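Please read them alongside the model.

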Amino acid sequence: MAPWRVPASLLLLAALAFCEPPRAPVVAPVIPPAAQASAHFDAIAATNAWLATIPAAQRARSDAYTEGGEWLILWDFLYTLLVMLILLETKLSARMRDWAERGTRRHGIQTALYWIGFMAASAVLTFPLVIYEDFLREHQYGLSNQNFHSWLRDQFIGFGLTLLLGGLAFLAITAIVSRFPRTWHWWGGAVGVVFLVFSIVIGPVFIEPLFNTYTPLPASALKDRILSMARANGIAANDVYEVDESRQSKRVSANVSGLFGTERIALNDNLLNRCSPEGVMATMGHEMGHYVLHHLYNDVLFFGVVILAMFGVLRRALEWMLERWGARWELRGVSDVAALPAAVLILATLGFLFTPIGNTWTRTQEAEADIFGLNASRQPDGEAEVDLLLGEYRKLDPSPIEEMLFFDHPGGRTRIYAAMRWKAENLKPIPNGPIRPTERPLR
């Protein structure tokens, strides 16, 4: 969610309580006949058999939700542009700067006051889309467990975090722009990378617990199996954490988060309540794959380069934009805090154009984690079971172009086929002894 999409009026709702949904029963996996192990096992037939277990009405609802979300990428982008243009064309951004300057002579406090005004104005203007997209639509498709008060509480927390952390980043970058007018894009990009790493490091310790409760998974045979799988793959895991995500959603999920000693692998209570132990093991193997394959570090490197590149484009585009329209918007130059909406216009455009690239990067890592998880857990049917549950809000059989442009995970068919292909190959007997000369490739 964009940081300006939470209304300032949520500051009045900090004390609202949670709603606690009932726990769902565990559903045992039922393997379709064509997907059961046999001498004539076929990965394609098994994949089709798993997909055929989903009723047509449920598939249609999932497809509609996914396609609506794809359109929302465009509407979110256009709505952001509209809000930023309103702030510029009405000169509200310049008025907020003037108001901050009248309040104090200290430049740092002026910047902080402008940031608060910008966040409040942007949040109020975007509230109609936020409430539709994040609350009404989720209930329309039966994916949310939250009542309105609980939802608003989470929105308030997110707004406060953005106000604080985003404000610190904005203060740092504006100071750099004033001090280094010719090279600010490099230093500003470096600050962006630092805040990216900082947010990942503090996420499991300070941010995520603000929204949900993380508790060690109670002792059980399943926990022992998860920890054994972790040790077998070189992960010095002492515990597994459960998160009460059913408070917000019906979605099954798990995650690996943190860096430099704050790493944590967690699974949500929906996964425990709705999946078989085989499905849980497949999911945890996937998350361990992210850890072992250093995907978080890869993300920092990749998105760090992206941030630096975007700041380079930002400098050129912002200078051109202010030269053309700066006087009309009553902006004084690149170092003017009131130019922030113009900068957001540029960054939002770059982010929109970058969407397929970012999705492809993430989707590739998710596919790698899928293969790792299959090898670690050896639960292809558990993987298929989870993939069908993920299909409640993610189209199971997207077209190749749709998957490439919009999916940050492989499509359901792709993931289930990978699991069934793994199953087919592992049903074949592995011969013992050395490889005979006749089995070696000819050169």
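1. Arg251 and Glu138 form a salt bridge through their side chains, at 2.8 Å from N to O; the term denotes a side-chain nitrogen of Lys or Arg within 4 Å of a carboxyl oxygen of Asp or Glu. The two partners are 113 residues apart and link distant parts of the chain: Arg251 lies in the loop between β2 (241-243) and β3 (254-257), and Glu138 in helix α4. Across the whole structure, 21 salt bridges are found.

2. This is a predicted model, in which local features need pLDDT of at least 70 and side-chain atom pairs count only at pLDDT 80 or more, while totals for chains, interfaces and linings use all residues. Residues are numbered from 1 along each chain as its sequence is written, and side-chain values use heavy atoms, with hydrogens and water left out.

3. Helix α4 covers residues 107-140. Helices are DSSP runs of H or I with at least four residues, strands runs of E with at least two, numbered from the N terminus. The end C-alpha atoms of α4 are 47 Å apart, which agrees with the 50 Å that its 34 residues should span at 1.5 Å a residue; the expected span is 1.5 Å times one less than the number of residues.

4. At Phe127, α4 bends by about 55°, and Pro128 follows within four residues. The bend is the angle between axes fitted to the seven residues ending at a residue and the seven starting there. Just after α4, Gly142 has a positive phi of about 70°.

5. Helix α2 (residues 56-89) also has its span computed: 48 Å from first C-alpha to last, close to the 50 Å expected for its 34 residues. Lys91, which follows α2, has a positive phi near 60°.
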